[in-house]
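Here is a short briefing for someone meeting this structure for the first time. It takes up a few selected places, one topic after another.

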Amino acid sequence: MDKSDKNPQIVVEDDRTGTSVETLRRAMADHLFYSLGRVPEMATKQDLYLAVALTVRDRLLHRWLNTAETYFHQDVRVVCYLSAEFLMGPQLANNLVNLGLYKQFDQALSESGLSLEAIIDQEEEPGLGNGGLGRLAACYLDSMATLNIAGVGYGIRYEFGIFDQEIHDGWQVEITDKWLRLGNPWEIDRPEMAQAVGFGGTTQSSTDERGRYKVVWTPAHVINGVPCDTVVPGYQTNTANTLRLWKAEARESFNFQKFNAGDYYGAVIDKVYSENVSKVLYPNDDFERGKQLRLAQQYFFVACSLKDMLRLHILAGGSVDNFHDKVTCQLNDTHPSIAIAELMRIFVDEYEMEWEKAWYITTRTFAYTNHTLLPEALERWNVELFGATLPRHLEIIYEINRRFLDEIRLKYPGDEGLVSRLSLIDDQGGKYVRMAHLACVGSYAINGVAALHTELLKKDVLSDFYRIYPEKFSNKTNGITPRRFMAVSNHELTELITSKIGDGWLSKLDELKKLEKFVDDKQFVKDWQAVKRLQKERMAEYVLEKTGVTVDPAFLFDVQAKRLHEYKRQHLNVLHIIHLYNKLKKNPHLEMTPRTFLFAGKAAPAYMTAKLIIKLITSVASVVNSDHDVASKLKVAFVPDFNVKLGQILYPAADLSEQISTAGKEASGTGNMKFALNGALTIGTLDGANIEMREEVGAENFFLFGLTADEVAHLKAHGYRPYDYYESNQDLKEVIDLIADGTFSWGDKLLFRPLVDSLLNYDPYLLLADFESYVACQEKVSDLFSRPDDWARMSILNVARMGKFSSDRSIQEYCRDIWRVSPVKVDIGSYQQSSAVLRIQEPGLAGVKGRGKGKPKPVPKPTHPSF
């Protein structure tokens with residue numbers, strides 16, 4: 001017997017970091033008892049969820065602190081992703097997948113008499129985004145961590161997120177999203193790192209003794225921004241990055257003197273005013289105070305974020321002079337573009353930097369992603385409102401504009417039309433600050449989010465900026481994370497794919513190509529169909545629970561799930577449903593592929609046309625679902641409250657994905673990618689990322705219809721007359737007439753008149769022009785679905801060819817072409833009992849000591865985060 005046999009090594013797992021089933025069960029029990037003060041017999045579902053979440057969070061923190069320490073000590077360039085939205089989705093399941101602990105927790109909970117699935121379902125979703133913009137930001141944070149990129153997400157920690165949607169009498173009703181009412185175990189507040197942010201007030205200029213021009217801004221109101229941190233772990237890596245969201249608080253939340261004087265409201269008015277800034281995602285800006293609050297929100301989070309970046313940069317030994325070398329800020333659409341003026345203010349006013357030097361650093365710090373082709377979505381702020389809210393920033397923007405236009409006049413003499421179009425100030429019919437123009441002038445890179453989108457930016461929306469800054473423009477087609485939208489949402493398909501090609505595809509999505517050799521494997525096709533059937537059965541149960549509509553999983557599930565907007569053309573889908581209904585009413589014995597049409601999506605509270613489209617969908621559903629003549633062929637349901645959680649059920653269940661926006665209107669779309677990755681076939685126009693998806697999966701595996709972007713532009717330029725299409729197409733005429741005569745509104749001919757009048761007289765998104773092509777394409781869909789094996793084959797090929805649309809690929813392109821950053825390896829030491837003790841070297845300095853010219857340096861810490 002050797003020495004090792006005589007003295008076997010005993011492995012001790014820390015309850016905070018251990019991953020064995022026994023350790024996890026013990027850790028969950030400890031959290032239930034010590035963190036939550038509950039005994040198992042008295043624990044609620046929420047208590048049990050929190051105990052599990054805190055146990056997972058411990059393992060996240062182990063990676064997170066080591067990641068932060070690595071970034072601090074290494075000479076890294078950090079990507080700061082500024083976004084007004086981060087639609088992260090529920091965290092528990094995603095964290096378990098990324099940590100590689102899903103099966104261990106499943107077993108630990110099973111042995112404890114609990115269901116992991118039930119625990120996951122208990123989690124409240126943080127509604128911190130409206131749709132694709134916020135979900136893209138979340139996917140990009142996941143990919144940055146997975147690719148070991150030093151990154152931080154910065155945004156707003158809204159107390160109330162995007163509204164919860166209910167359907168009352170067929171109408172959308174907005175309900176407050178109280179996502180924080182039971183607490184949030186994933187965030188860590190950092191009140192000691194609060195940042196002060198000013199609003200309003202006055203500016204005073206002067207010249208100092210050296211003749212330098214100086215401005216002092218005296219805000220009328222100052223609030224605090226408190227950071228709330230959420231850990232974002234990478235998949236199968238030690239890296240765990242940070243999402244830092246800011247919540248607004250009053251500098252003084254309670255005025256004791258006013259309270260004692262009997263002015264109880266006055267005692268808390270500052271608290272109310274201050275906290276409103278981070279109260280609600282996208283306040284209604286149809287009125288002046290709503291606009292002012294929205295501008296205040298945008299400035300609030302970028303001001304906090306820039307101060308935080310500078311604090312960390314200087315703490316790590318940097319200086320303002322090399323800020324742009326170590327930090328790059330990505331502006332996720334125009335919402336954060338006020339950051340350009342704010343960084344200039346900080347440099348010029350607070351650091352007394354010369355303008356030219358400040359502008360040099362600023363314009364090498366920011367990069368701008370444009371997400372829209374709709375001119376009305378390019379933010380503009382009334383100059384008077386802007387000046388009242390941010391007087392110093394308006395002065396800075398005017399000065400940026402003056403210098404910029406002087407350069408344009410020198411380069412393009414006599415072209416005052418170009419000068420007017422490029423100006424940061426729009427003075428046509430009132431004066432407005434053009435935020436997209438500020439972003440273009442103040443950024444070193446500008447990108448679109450799909451090939452067509454980027455070309456249309458160059459040709460139309462930002463054509464003048466492309467003319468003067470062609471080197472700034474590039475395309476970075478959007479992507480999605482397969483961890484969230486396959487491993488989390490579609491376990492069965494993930495396991496089926498992994499059984500054939502291994503699990504490497506979850507971090508290298510191109511490996512899905514290996515599936516192509518199984519398209520003719522009869523057993524694999526059968527298993528593929530079985531997985532889809534299972535997901536459709538789950539969806540059917542959910543639809544019944546939420547809407548009361550019984551749907552048959554054997555029907556073709558035709559799904560359109562996205563934000564309600566006229567350009568996304570949910571009402572074109574409805575016209576097709578009415579067309580099928582009309583055909584069946586004329587001939588109840590007509591042979592037709594049975595379909596269930598599922599809709600999901602929210603309309604902006606003030607967008608009345610979109611809300612009327614929801615009413616049309618639910619009204620058509622009510623008539624169709626109650627008509628026994630069509631019950632065996634058609635069902636329609638509007639599934640309320642579309643969010644990430646619902647998407648994780650809906651994407652795997654869809655047979656057909658509706659991506660039918662007017663060509664040239666959708667920037668990219670990512671819902672198209674989520675459906676396709678889960679095996680749905682796509683019917684769509686040549687719009688956004690549909691074009692690239694079709695190129696990847698093959699034209700023969702994509703249901704294409706409709707006008708191209710060029711044809712749309714040509715038709716509009718030469719006088720589009722929608723009424724001519726109505727008159728010349730009998731099927732279309734009958735469909736419109738059924739809506740107009742009250743068939744779907746119980747005889748009320750006025751209810752849908754605004755929609756009918758718009759379609760017949762204006763039809764800005766060309767539904768009537770595309771109707772005939774759409775209907776013909778849908779007939780091809782029906783034909784293929786009647787041949788299940790051929791449908792499954794096409795479904796497999798779609799999934800196999802979706803490798804390009806990983807957010808990992810997108811982030812790799814940003815890193816290579818824009819941010820100029822490389823992966824940073826994070827090492828984590830094994831648990832050592834000897835180091836698992838509190839050890840403060842210099843308590844008087846809270847763990848830091850001086851370095852160089854008074855610059856702080858962190859005290860070296862053991863690898864175990866307990867110090």
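Predicted model: local features only at pLDDT ≥ 70, side-chain atom pairs only at ≥ 80, totals over all residues.

In which helix does S420 lie? S420 belongs to helix α16, which spans residues 416–422.

**Surroundings of S420**
- When residues up to four places away in sequence are not counted, S420 touches Q428 and R434.
- L405 is 15 residues away from S420 along the chain, and the C-alpha atoms of these two residues are separated by 8.9 Å.

**Surroundings of G706**
- G706 is found in the loop that runs between strand β23 (703–704) and helix α28 (709–717).
- The relative accessibility of G706 is 29%, so this glycine counts as partly exposed.
- If neighbours within four places in sequence are left aside, G706 is in contact with E711, D770 and S773.
- Between the C-alpha atoms of G706 and P391 there is a separation of 48 Å, and these two residues stand 315 residues apart along the chain.

**Helices α12 and α13**
- Two packed helices are described by the angle between their axes and by the distance between those axes.
- For helix α12 (residues 338–350) and helix α13 (residues 355–362), the axes come within 9 Å and cross at roughly 140°.
- The crossing of α12 and α13 is right-handed.
- On the α12 side the contact is made by I340, L343, M344, F347 and V348, while α13 contributes W355, A358, W359, I361 and T362.
- Sorted by class, the residues in the contact of α12 with α13 are 9 nonpolar and 1 polar, with no charged residues.

**Cysteines**
- A disulfide is a covalent bond between the sulfur atoms of two cysteines.
- With sulfur atoms required to lie within 2.5 Å of each other, the count for this model comes to 0 disulfides.
- For C815 the closest cysteine sulfur is that of C80, and because the two sulfurs are 13 Å apart, they are too far from each other for a bond.
- C815 has a relative accessibility of 6% and therefore counts as buried.
- C777 also counts as buried, because its relative accessibility is 3%.

Definitions and conventions. Residues numbered from 1 in each chain as written. Heavy atoms only, no water. Axes fitted to C-alpha atoms, helices over the stretch in contact; angles between N-to-C directions. Helix = DSSP H or I, 4+ residues; strand = E, 2+ residues; numbered from the N terminus. Left-handed = near helix turned anticlockwise from the far one by under 90°. Contact = heavy atoms within 4.5 Å. Nonpolar A, V, L, I, M, F, W, Y, C, P; charged D, E, K, R; others polar. Buried < 20%, exposed > 50% of the residue type's maximum accessible area, 1.4 Å probe, protein only.
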